[in-house]
Amino acid sequence: MSDGNWDVVIIGGAVTGAATAWWLLQADPSLKVAVVEKDPSYARAATALSVASVRQQFSNPVNVEISRFGVGFIRDFGARVGEEGGVPSLGLKENGYLFLSGTAEGAALLHDLAAMQRGLGAATEVLGPDALAQRFPWMQFDDVSAGSIGARDEGWFDNMGLLNGFRNAARARGAVFLQDRVTGLERSGDRIVAAMTEKGARLEGGAFLCAAGTGSTEICRMAGIDLPVEPRKRTVFVIDAPNARHPEAPLIIDHSGIYLRPEHGQWITATVPDEDGPCAEDDWEPDHAQFEDLIWPKLYARSEGFDAVKVTRFWVGHYDYNTLDQNAVLGRWPGYANFHIAAGFSGHGLQQAPAVGRGLAEVILTGGYRTLDLSPLGPERVLEDRPFLEEAIV
């Protein structure tokens with residue numbers, strides 16, 4: 001079943017698209033939902049290449065609330081989605097996140113953010129250098145003014161399990177996943193009436209959702225929309241450090257510009273390059289020099305246990321980076337009666353998928369949010385050039 005009329009056509013079948021399809025059919029099992037995905041192997045999808053973490057430590061309350069719902073959903077994923085998902089557990093490992101600051105102003109900000117996060121139910125606490133050294137004696141904190149850590153509800157999980165569970169359950173409820181690429185959108189007045197595909201299909205729909213990751217900018221351009229989202233390349237390294245075995249360690253966001261977390265006896269680590277900008281959509285070439293030139297010296301400065309390190313593997317992922325404010329753009333696009341968007345997550349789309357999928361399903365079916373209000377992330381701010389900044393971008 002490809003051509004024909006659909007209640008909802010979702011462009012992009014990774015975690016956001018799959019989650020939305022599932023939530024739609026949870027709300028109304030009679031819906032006809034088509035999900036168009038160009039590569040069902042997801043080899044280069046941000047979902048598959050994610051570091052697969054979830055945290056409560058955001059600077060915007062709406063992002064905290066999204067993650068508050070998300071971590072509970074991830075923890076109880078097998079029960080929430082049921083046997084249809086085929087994924088009994090996502091193996092959530094709650095080691096926490098540790099954000100380190102190097103200035104007095106940064107420490108004050110951590111205290112302010114922790115108070116806001118705790119007010120929303122998070123367990124964030126802020127520690128000074130001495131308390132940090134007691135908790136993590138294998139690190140040095142001479143250059144640290146404070147660190148904030150979530151004692152619970154933060155950690156990492158099975159990224160592909162989340163995607164596959166949503167996709168399997170959506171399919172079991174009737175969603176049709178089509179391996180194809182959208183090449184054009186047909187508009188009539190304030191409505192998108194059909195999506196044309198590379199294989200020659202014409203998918204008519206009552207509502208359309210663009211959830212195509214870094215490809216969302218091109219899809220939106222087909223609808224006459226200028227979306228401020230571009231691909232940003234990130235090289236991620238897996239390293240073995242035999243003198244730094246700390247499987248209990250949190251995911252560390254170092255003020256020096258690197259992050260790292262334990263992974264099966266080794267570590268995952270990465271940095272944001274000094275000259276960070278858009279990359280070509282086909283640029284998947286790893287930046288090997290980043291580790292030795294930028295990352296390793298900072299690892300060793302934080303802990304002498306990183307004196308001997310071997311890179312065991314690496315990969316490249318692309319962020320769908322929102323240049324306006326590094327926050328997701330969610331909801332119905334102004335001026336359109338039925339074209340919706342979920343893009344620009346800037347690196348935190350995976351953990352936000354449970355709440356975002358629910359919210360988008362509500363908007364598509366009822367015209368508004370019924371549970372968690374995601375309207376601060378609405379597309380109106382793009383048209384008004386009004387940033388809604390998220391400061392805690394990793």
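Figure 1. Welcome to the fold: the protein chain has eleven helices and 18 strands, where helices (H or I, at least four residues) and strands (E, at least two) are DSSP runs numbered from the N terminus. The radius of gyration is 21 Å, close to the 21 Å that the globule rule gives for 394 residues, so the chain is as compact as a globular protein of that length. Here the radius is taken over C-alpha atoms, and the rule is 2.2 Å times the number of residues to the power 0.38. This is a predicted model, in which local features need pLDDT of at least 70 and side-chain atom pairs count only at pLDDT 80 or more, while totals for chains, interfaces and linings use all residues. Residues are numbered from 1 along each chain as its sequence is written, and side-chain values use heavy atoms, with hydrogens and water left out.

Figure 2. Of the 394 residues, 57% count as buried; buried means under 20% relative accessible area, exposed over 50%, and partly exposed in between (1.4 Å probe, protein chains only). Along its principal axes the C-alpha trace spans about 65 × 45 × 45 Å. Among contacts (heavy atoms within 4.5 Å) between residues at least 6 apart in sequence, 74% join residues at least 24 apart.

Figure 3. Look for S67 within helix α3, which covers residues 61–75. S67 is buried, with a relative accessible area of 0%. Its side chain joins that of Q351 through a polar contact of 3.1 Å. For such a contact, a pair of N or O atoms lies within 3.5 Å; within protein, one must be able to donate a hydrogen and the other to accept it, and residues adjacent in sequence count only if both atoms are side-chain atoms. Leaving aside neighbours within four places in sequence, S67 is in contact with R55, Q56, F58 and Q351.

**Figure 4. E154 in the loop between β6 and β7.** E154 sits in this loop and is buried, at 1% relative accessible area. The E154 side chain reaches two backbone nitrogens: that of Q56 at 2.8 Å and that of Y97 at 3.1 Å. Not counting residues up to four places away in sequence, E154 touches several others, including V54, R55, K93, N95 and I149. For a sense of scale, E154 and A337 are 183 residues apart in sequence and 38 Å apart in space, C-alpha to C-alpha.

Figure 5. Most residues other than glycine have a negative phi. D153 is not a glycine, yet has a positive phi of about 65 degrees. You can find D153 in the loop between β6 (146–150) and β7 (155–156), where D153 is buried with a relative accessible area of 6%. Q326 also has a positive phi, near 60 degrees, and lies in the loop between β16 (310–322) and β17 (329–332). Q326 is buried as well, with a relative accessible area of 14%.

**Figure 6. T197 in strand β10.** Strand β10 covers residues 191–197 and includes T197. With 7% relative accessibility, T197 counts as buried. The T197 side chain reaches the backbone nitrogen of A201 at 3.0 Å. Beyond residues up to four places away in sequence, T197 touches D180, R181, V182, T183 and L203.
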